[in-house]
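Good morning, and thank you for joining. Please keep the structure in view as I speak.

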Amino acid sequence: MFQGSIVAIVTPFNNHAVDEEKLRELVEFQIENGTDAIVPCGTTGESSTLSYEEHDRVIQIVVEQVNKRVPVIAGTGSNSTHEAIEITKHAKELGADGALLVTPYYNKPSQEGLYRHYKAVADAVALPQILYNVPGRTGVNLMPETVARLAEHQNIVAIKEATGSLQQASEVLALCGDKLDVLSGDDFITLPIMAAGGKGVISVTANIMPKEIASLVDAFNAGNMEEARRLHLYLLKISNAMFIESNPVPVKTAVSLMGKCSDEVRLPLAPLMEANKAKLVAIMKEYKLI
């Protein structure tokens with residue numbers, strides 16, 4: 001259902017407030033360059049420091065600006081199941097086409113707890129939902145066997161697999177077959193995951209190189225493996241640079257260096273350290289982004 005090059009879009013700020021004008025411009029930049037879907041309020045969108053009102057407003061702006069041209073998949077995860085249900089309901093009311101739900105963080109639930117969490121949200125909200133597994137941030141790993149159980153639910157349509165493990169992604173693919181789409185959650189393994197049967201990527205790098213990320217996915221889908229491999233290797237250095245510090249600090253700095261929004265982030269995130277900024281600038285110059 002949700003396939004291709006999907007951007008986890010940054011949330012631009014200006015003087016501590018959401019910069020609505022810049023957000024609309026970023027949406028246009030994505031659509032003009034071939035992005036297949038947009039995720040507002042994901043990790044890259046700093047969802048963890050948005051107020052409830054801001055969260056809804058960011059989703060609303062993106063839905064309005066996209067105007068049905070591509071799907072909008074709202075980040076609606078929480079470590080409280082009740083809260084995740086309410087946020088997902090709001091996203092549906094605002095016109096989102098789907099929801100991306102991160103595994104409950106900090107609580108460290110069991111696999112049964114994770115199953116019941118996702119089932120509760122899927123039962124409560126008739127909206128296509130994407131599981132989001134990123135144990136490096138949440139402290140819990142959604143195991144392939146649990147994903148396979150959840151794949152039986154009609155409202156659970158995909159997983160963003162961000163373990164960085166090709167083995168785990170492959171196990172999910174083997175267990176779920178055509179019941180669930182697998183999307184790479186790490187730019188640097190998009191091609192390997194697609195080669196194993198994945199359907200695309202929810203990308204950080206697409207914030208600054210949307211055309212190239214879309215071209216990689218399109219080349220693979222067209223059977224042009226030589227071009228897909230070329231782009232995979234070409235993008236590796238810049239994709240790694242997006243994680244020189246915690247996401248989204250590097251990518252937001254990169255978007256700022258391109259003149260598209262401020263590099264403002266919210267505490268406890270801090271501006272990119274000067275030494276790392278110098279490295280980022282050098283890499284971006286190599287790619288002729290600045």
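Helices (H or I, at least four residues) and strands (E, at least two) are DSSP runs, numbered from the N terminus.

Before going further, I note that this is a predicted model, in which local features need pLDDT of at least 70 and side-chain atom pairs count only at pLDDT 80 or more, while totals for chains, interfaces and linings use all residues. Residues are numbered from 1 along each chain as its sequence is written, and side-chain values use heavy atoms, with hydrogens and water left out.

To return to the helix, α1 comprises 13 residues, numbers 20-32. From its first C-alpha to its last α1 reaches 19 Å, close to the 18 Å expected at 1.5 Å a residue; the expected span is 1.5 Å times one less than the number of residues. Which residues of α1 are buried? They are L23, L26, V27, E28, F29, Q30 and I31. Buried means under 20% relative accessible area, exposed over 50%, and partly exposed in between, with a 1.4 Å probe and protein chains only. As a reminder, an α-helix has 3.6 residues a turn, so residues three or four places apart point the same way. Just after α1, G34 takes a positive phi of about 90 degrees.

**Pockets**

I turn now to the open spaces. The search uses a 1 Å grid over the protein atoms alone: a cavity is a set of points where a 1.4 Å probe fits but cannot get out, and a pocket is an open set with protein on both sides within 12 Å along at least five of seven lines; lining residues have an atom within 4 Å of a point. Grid points are joined across faces, edges and corners, and a volume is the space filled by probe spheres set on the points.

The largest pocket holds about 640 Å³ of space. Its lining has 28 residues, and T43, S47, S48, T49 and Y105 are the closest to its centre. Two or more lining residues come from each of α2 (52-66), α3 (81-94), β6 (98-102) and α5 (135-138). The largest share, 3 residues, belongs to β6. By class, the lining of the largest pocket divides into 13 nonpolar, 12 polar and 3 charged residues. In this scheme Ala, Val, Leu, Ile, Met, Phe, Trp, Tyr, Cys and Pro count as nonpolar, Asp, Glu, Lys and Arg as charged, and the others, Gly among them, as polar.

The second largest pocket has a volume of about 210 Å³. Of the 15 residues that line this second pocket, V134, R137, D186, F243 and N247 lie nearest its centre. Its lining has 6 nonpolar, 5 polar and 4 charged residues.

**The enclosed cavity**

How many cavities of 30 Å³ or more does a search of the whole structure find? The search finds 1, with about 60 Å³ of space in the largest cavity. The residues lining the largest cavity include D187, F188, V201, I213 and H232. Both α9 and α10 (225-241) give two or more residues to this lining, and α10 gives the most, with 4 residues. The lining divides into 6 nonpolar, 3 polar and 1 charged.

**Loops and backbone geometry**

Two cis peptide bonds deserve mention. The bond from N247 to P248 is cis, with omega near 10 degrees, and P248 is found in the loop between α10 and α11. N247 is also among the residues nearest the centre of the second largest pocket. The bond from L267 to P268 is likewise cis, with omega near 15 degrees; P268 is in the loop between α11 and α12 (274-286).

N15, in the loop between β2 (13-14) and β3 (17-18), has phi near 55 degrees. Y106, in the loop between β6 and α4 (111-124), has a positive phi of about 70 degrees. N15 is exposed, because its relative accessible area is 62%, and Y106 is exposed because its value is 75%.

Finally, consider N155, in the loop between α6 (144-150) and β8 (156-161). Is N155 buried or exposed? N155 counts as buried because its relative accessibility is 13%.
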